[in-house]
Amino acid sequence: MRTAMELAEHGQFTAAPNPLVGCVIVSKACRIIGQGWHKAYGGPHAEVEAFESIAPEDKALLSESTWYVTLEPCNHEGKTPACAALIERIKPKRVVIGMMDSNPAVTGGGMERLRRAGVAVEEGCLAGELAWQNRRFFWNAHEKRPWVVLKWAESSDGFMDGRPSARRLPGAGGFPITSEAARPMTHAWRALEQGIAVGAGTALIDEPQLNVRSIEAPSPRIILLDPDGCIGSKHTLLLRNPSLIHVIGETFATTATHTCAWRVSEGLDVLLERLYAQFNLSSLLIEGGASVLNDFLKQGAWNEVKRWTSPVAIGSGLPAPALPEGTLPLPDGRASAGRAGEDSWQNRLHPRHAFD
Ligand code: AOF
Ligand code: ZN
């Protein structure tokens, strides 16, 4: 199951909003004869990939095989046929399932179908670690909203930007806090989430690109939080990103193809529910600015914080948000802090995830 979990991780930049799923098929003599993972949304599921990886001369071993799958095999026709139907047809000896699928179209049904077909089914293997691996997927199913990661970088004395407010004007550009060594990790943090959101102020002042550059991975979809309609149609984020979602109050006009109507007074819970319902966004990285980050913190509308701290003091400027009280380290001994060059990072969880 651990091998299956490691395989599943290969889908980390491409599977969303689907879960990460891995599958290992083992012969009666305990030899791995097939393995696969769910590579991309809309593509073949892990079980199909594993089945198709089996060498022709090993096909005869299938009837006595054991399948290790990190998630309950699906029992529904989605974008691909039901994996439980494939396994039912093959009728292996045993299927070991990491966790039940929380998708209402599946939950328990896949397991039930296999049992009815005479396959021995065991469920609940490495469940704690798999719950973390698929935290976005399970959170989406239960809460009907994206998993939210707040990200910022601050100086050693707690500022996000050293300039006085009079110099933080449209087009002024970003104010780098971290050094070059932090870049690959910063970009991996972007690639891990399906959407990346910034407020109108950051879009206007920093003119960020918000894409993934220093690692090989697709860029997340941009969400521009502009409830007061401050961003004109000529802004480069709008011009360069046809998939951008412009979150804007109903009374304002936009040239964006994808829009989400929202007013600040409705609160962030409503925004998150709307983004999930309209765009099936499984996760969001909130990149700033400070007031947007503070709003998410104040309203408790977040799951993880990822924060860089540089060793350099800048004396004054825009205060960074405070890390809330009671945040938790990541579960199962995963690193919740580390360094890249001179900069250090922290990754903390919302106190509500204590069960993890
Ligand atoms: C599996 N194995 O590898 C994955 C599963 O639209 P579809 O057909 O791709 O179905 C997506 C749903 O299937 C997803 O919401 C989840 O319930 C399940 N994912 N199931 O047996 C896999 N990725
Ligand atoms: Zn499936």
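Guide: In the side chain of Asn 18, an N or O atom is 3.4 Å from an oxygen atom of ligand 1. This is a predicted model, in which local features need pLDDT of at least 70, side-chain atom pairs count only at pLDDT 80 or more, and totals for chains, interfaces and linings use all residues. Residues are numbered from 1 along each chain as its sequence is written, and side-chain values use heavy atoms, with hydrogens and water left out.

Visitor: Why is the 3.4 Å pair at Asn 18 called a polar contact?

Guide: A polar contact is a pair of N or O atoms within 3.5 Å, and the Asn 18 pair, at 3.4 Å, therefore counts as one. An oxygen atom of ligand 1 also lies 2.7 Å from an N or O atom in the side chain of Glu 47, and one lies 2.9 Å from a polar backbone atom of Cys 74. Taken alone, ligand 1 exposes 510 Å², of which the protein buries 94% (areas by the Shrake-Rupley method with a 1.4 Å probe).

Visitor: What makes a residue count as being around ligand 1?

Guide: One of its heavy atoms must lie within 4 Å of the ligand; 19 residues are around ligand 1, and His 45, Ala 46, Glu 47, Lys 79 and Asp 101 come nearest.

Visitor: What classes of residue make up the shell around ligand 1?

Guide: The shell has eight nonpolar, seven polar and four charged residues, where Asp, Glu, Lys and Arg count as charged, Ala, Val, Leu, Ile, Met, Phe, Trp, Tyr, Cys and Pro as nonpolar, and the others, Gly among them, as polar.

Definitions and conventions:
Chains lettered and ligands numbered in written order. Polar contact = N/O pair within 3.5 Å; in protein donor to acceptor, adjacent residues only side chain to side chain.
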